Amino acid sequence: LIDFCGIELAHPIVNGSGTFDAIAARRTFGDALLADFPFAAFVSKTVTLEPRQGNPPPRLWEQPAGLINSIGLPNRGLRGYLDHDLPALAELPVPLIVNVMGFTRAEVGELVAAFAERVEVAALELNVSCPNVESGLIMGADPSETAALVEHVRPLTGKPLIVKLTPNATDVGAVAAAAEGAGADAVSLINTLRGMALDPRTREPWLGGGTGGVSGPAVRAIALAQVREVASRVTLPVVGMGGVAHGRDADDLLRAGAALVAVGTESFRDPRAGARVAGELADLLSKRSKTTPETGSIETPKTGVK
Amino acid sequence: VSAVTARRTPAPFGRRRGLIEANRAAGAYRVLEVTDPGGPTPRPGQFYMLAADERWGGGDAERPFLPRAFSFLRAGDGRLEFLLEDVGPGTHRLAELRPGDGLWLTGPLGIGFARPEDGRAPVLVGGGIGIVPLAGWQDEIGGPALLGFRSAAHAEAAALLTDADVATDDGSVGHDGPVTDLLAESLDADPDAVVYACGPPAMLEAVRALCAGRGVPAQLAMESGMACGFGACFGCVVPTREGYVRLCLDGPVLDAADLDTALVPGTGH
């Protein structure tokens, strides 16, 4: 068992927020989903105060070894989440982490306070990084903005607070350090990288939202570097993600300093990817423990040219 | 049996590996015959997410990366048939699969066609590759098939259905003009019909408008780019009068009365 902010997890693989809808998956696959749940904890899709329809289609663009999405955080809003989603998600066999986003500090505070007393909720994740919505960049791109947000919501709940960092920041390590200083319990990264694609016929942006977030194996190397950077700057547990498709990718993120690893886009290709990655990772770790155990952290030359 | 259960066979959890049994030509298209031992029998209109088990993302190949959504042509006895046309990296890779090659399958997914109500006679309208979900449905409920194609080579696929009346864009086979001309004639002759349609967005929109104008109920099997097929990615939304719906969960068959338009940005080729 793994202890993550006081939450017991069966293995280190969770899902990235917004990459798996457990309610829709149960509709599709039935109760087999519960018997064979692929993640050690479930991170739900971002909930906002008011309901959102999301961005106009098209919302997806396949790109080399990845995907650009412009979904726009569709959700039922806080009231709808509490009435419809939370009871269904409480039936999952794993701890529930609720991801929230607000357009102001006060809104985030309202969301955090609403979940603070819910026993169904094990932890909260603050989305300060969604690049699809205008103000998503603001709070997570700047260390002092991030610190001010975490300081505002920290007194509102005793539950673990995870800050989901955006890779679209000048110095992600500084943002992580600011979150730690303001009382966060963990950080998670990377969210998607901002990207775009043009419609080959019209030569205008393909995505209805104009730009979108790039994910998949295409971002794996960026995730590894950012997780390592953040892990070297904070003592908080780090949830690492970005292009994880196999156990070896999770193994790399753990080596870079992650405590947990999230699977995202790969679940679109393989609905049981979380369980598969966890199994492959366990095999790798077990083989290595019999040969040469790894110690310490990754060393990089101080004078190295990037 | 509830109305929805009759339209939907649930999927086993996860993807499973089928084997290509045959890959044969049907005019300008290919028919893939796939073994799916132990897989459930789908309902007409449902679909599968398909990906070759080798050279499909993650390794040497850059694209295709995501699985592709396909309605099944016919199914039963642990076998599935799919129809495809080589138009992009995904369909190109699928088209080159040979007997013995592996195919990842997730499905059956979504909700299929609903049976005709109060004695209305079914009329099936298909355009191009959109004839696919109509084949298994015609096996079950009968009715004439009005099928539109680009060319004579594509129109050879009309043989996959029975009692087909063909129209072509270039006039090389059958009626010279849109398939909706044939539908208008059919509804003139018997307005007590229910229309089941699948095809390119412009055809579906023409069918929707024609049926709406005449008060004829219609069910449209629609298409939208999908990353997952099981509601995870929220990418395949289609605007309806009730707001956006995920086509993989609430479709792919939608009631035409729920739509202001069947033209969805990003669909079609």
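How many salt bridges are counted between chain B and chain A? The count is four, where a salt bridge is a side-chain nitrogen of Lys or Arg within 4 Å of a carboxyl oxygen of Asp or Glu.

## Basis of the description

This is a predicted model, in which local features need pLDDT of at least 70 and side-chain atom pairs count only at pLDDT 80 or more, whereas totals for chains, interfaces and linings use all residues. Residues are numbered from 1 along each chain as its sequence is written, chains are lettered from A and ligands numbered from 1 in the order in which they are written, and side-chain values use heavy atoms, with hydrogens and water left out.

## The interface of chains A and B

The contact, meaning heavy atoms within 4.5 Å, takes 40 residues from chain B and 42 residues from chain A. The area buried between the two chains is about 3500 Å², with carbon and sulfur atoms giving 63% of that figure; buried area is the accessible area (1.4 Å probe) that two parts lose on being put together, summed over both. Of the area that chain B buries against chain A, 26% is supplied by B:F13, B:F65 and B:F230, more than by any other three residues.

Among the salt bridges of the model is the one between B:D250 and A:R27, whose closest N and O atoms are 3.1 Å apart. Across the interface of chain B and chain A there are also 14 residue pairs in polar contact, both residues being at pLDDT 80 or more; such a contact is a pair of N or O atoms within 3.5 Å, and within protein one must be able to donate a hydrogen and the other to accept it, while residues adjacent in sequence count only if both atoms are side-chain atoms. On the side of chain B that touches chain A, the elements giving two or more residues are β7 (102-109), β14 (237-240), β15 (243-246) and α6 (247-250) of chain B, with helices (H or I, at least four residues) and strands (E, at least two) taken as DSSP runs numbered from the N terminus. The most is given by β15(B), with three residues. The residues on this side of chain B divide into 23 nonpolar, nine polar and eight charged, where Ala, Val, Leu, Ile, Met, Phe, Trp, Tyr, Cys and Pro count as nonpolar, Asp, Glu, Lys and Arg as charged, and the others, Gly among them, as polar.

## The antiparallel sheet of chain B

Seven strands of chain B form an open sheet with antiparallel pairing, in the order β4-β3-β7-β1-β2-β6-β5; two strands pair if DSSP finds at least two bridges between them. Its edge strands, each pairing on one side only, are β4 (68-71) and β5 (74-76) of chain B. From one strand to the next the twist averages 35°, with axes being lines fitted to C-alpha atoms, for helices over the stretch in contact, and angles running from 0 to 180 degrees between N-to-C directions.

Within this sheet, strands β1 (residues 16-26) and β2 (residues 29-35) of chain B run antiparallel and are joined by seven bridges, and B:A26 has B:Y29 in β2(B) as its bridge partner. A salt bridge links B:E81 with B:R24, the closest N and O atoms being 3.5 Å apart. B:E81 lies in strand β6 (residues 79-84) of chain B and B:R24 in strand β1 of chain B, so the pair ties together parts that are 57 residues apart in sequence. Strand β7 of chain B contains B:P108, and the peptide bond from B:G107 to B:P108 is cis, with omega near 5°.

Strand β10 (residues 164-168) of chain B pairs with β11(B) in the parallel sense over two bridges, and B:A167 stands opposite B:H175 in β11(B).

A hairpin with two residues between its strands is formed by β14(B) and β15(B), which pair in the antiparallel sense over four bridges. B:P239 stands opposite B:Y244 in β15(B), and B:T240 has B:G243 as its bridge partner.
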